[in-house]
Amino acid sequence: LFRSILLATARGVTQGHRQFGRLGAALIAEPILRLAVLVAALAAGLRVGAPILAFLVGYAGIYLVLRAAQPRKATATRERQTWRRLREIVPYTCAVTVATALYNADVLVARVALSPEEAGTYGAGAVLGRAVFFLGAAASMALLPLSASAETPRTRMRYLLEALVFTTGVAGVPALAYALAPRLAIAATFGAAYAHLQADLWRFGASMLLYALANLALSYLIALRRWRVIAPLLAVQLAQVALLARSEEHTSELQSHSFI
């Protein structure tokens with residue numbers, strides 16, 4: 001949650017200010033810092049707590065650096081600034097949290113509803129599909145601060161169209177590769193053992209391309225403070241929870257009948 005909300009926001013604002021050198025340095029420094037803290041913690045004798053400490057220091061450290069480098073406007077009192085941040089961060093947190101849950105719900109459903117072999121196959125397809133999403137995710141990072149700071153609706157719409165074109169062009173390349181050359185994509189990643197996935201690989205690519213485009217719409221609506229978007233997100237999330245519970249119950253029934 002910290003990484004997907006606070007750090008992603010700081011990166012988006014940095015990119016929105018077109019500080020690409022600082023953003024690139026932060027993207028490189030983050031894993032290096034986490035790895036350095038992890039090695040130091042393991043050398044000091046920590047075991048279970050080492051990855052947790054590395055996570056906190058790495059993400060929090062880069063966030064604080066990016067946050068300190070952002071320009072500030074001293075136009076309001078500290079109390080008003082704090083209240084305004086809380087008033088905006090609460091619905092934003094709700095929207096991003098539900099969207100993150102939706103993003104990962106399919107793997108959880110597959111693990112519960114499918115056999116171990118089928119769940120493993122689905123997990124492999126999901127990993128390849130998420131590569132499509134992450135290739136296009138950079139546009140949504142920039143769209144939120146750019147749209148929020150735009151002075152006219154025409155400018156905001158231009159930013160949105162540019163982000164849509166960028167995402168479709170960049171994320172569409174692997175999605176198209178999954179449709180035209182699925183055997184090559186699987187052989188280069190998971191190997192011949194997952195060759196049976198190639199008939200459905202295009203579905204993962206197409207689904208995550210659509211999700212990347214939907215994520216742009218979410219970033220755009222958040223920038224405009226259209227918090228009504230939380231309602232359909234929450235409705236879909238509740239529907240997925242209900243389907244998950246039903247799938248788990250159905251799986252339990254099948255296992256009990258097989259045992260009998």
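1. Surface first. Buried residues come to 34% of the 260 in the protein. Bear in mind that this is a predicted model.

2. On confidence: the mean pLDDT is 78, with 78% of the residues at 70 or more. Helix H1 (residues 2-16) has the lowest confidence, a mean of 64, while helix H7 (residues 182-187) has the highest, at 91.

3. The fold is simple to write down: 9 helices and 0 strands. Read from the N terminus, the elements go α-α-α-α-α-α-α-α-α. As for contacts with a separation of 6 or more, 74% of them join residues 24 or more positions apart.

4. Now the inside. The largest nonpolar core has 17 residues, and Val132, Phe133, Tyr178, Leu197 and Leu201 have the most contacts within it. Helix H5 (116-149), helix H6 (153-180), H7 and helix H8 (201-223) each give two or more residues to this core. There is also a second, separate core of 11 residues, with Ala139, Leu146, Tyr220 and Leu224 among them.

5. Phe133 deserves a click in the viewer. Its relative accessibility is 9%, under the 20% cut-off, so Phe133 counts as buried. Leaving out residues up to four places away in sequence, Phe133 touches Tyr103, Met208, Tyr211, Ala212 and Asn215.

6. Then the rings. The count is 4 aromatic pairs. In one of them, Phe133 and Tyr211 have ring centres 5.3 Å apart and planes at 65°; that angle is over 60, so the pair is edge-to-face. Since Phe133 lies in helix H5 and Tyr211 in helix H8, the pair ties together parts that are 78 residues apart in sequence. Tyr211 is at 23% relative accessibility and so counts as partly exposed, whereas Phe133 is buried. Ring pairs also bring in Phe134, giving a cluster of Phe133, Phe134 and Tyr211.

7. What about Phe190 and Tyr194: how is that aromatic pair arranged? The pair is tilted, with 5.5 Å from centre to centre and 55° between the planes. Phe190 has a relative accessible area of 31%, which makes it partly exposed. Tyr194, at 25%, is partly exposed too.

Terms used. Residues are numbered from 1 along each chain as its sequence is written. This is a predicted model: local features need pLDDT of at least 70, side-chain atom pairs count only at pLDDT 80 or more; totals for chains, interfaces and linings use all residues. Side-chain values use heavy atoms; hydrogens and water are left out. Helices (H or I, at least four residues) and strands (E, at least two) are DSSP runs, numbered from the N terminus. Buried means under 20% relative accessible area, exposed over 50%, partly exposed in between (1.4 Å probe, protein chains only). Contact means heavy atoms within 4.5 Å. pLDDT is the predictor's confidence in each residue, from 0 to 100. A nonpolar core is a set of buried Ala, Val, Leu, Ile, Met, Phe, Trp, Tyr and Cys residues joined through side-chain atoms within 4.5 Å. Rings of Phe, Tyr and Trp (its six-membered ring) pair if their centres lie within 6.5 Å; planes under 30 degrees apart count as stacked, over 60 as edge-to-face and the rest as tilted.
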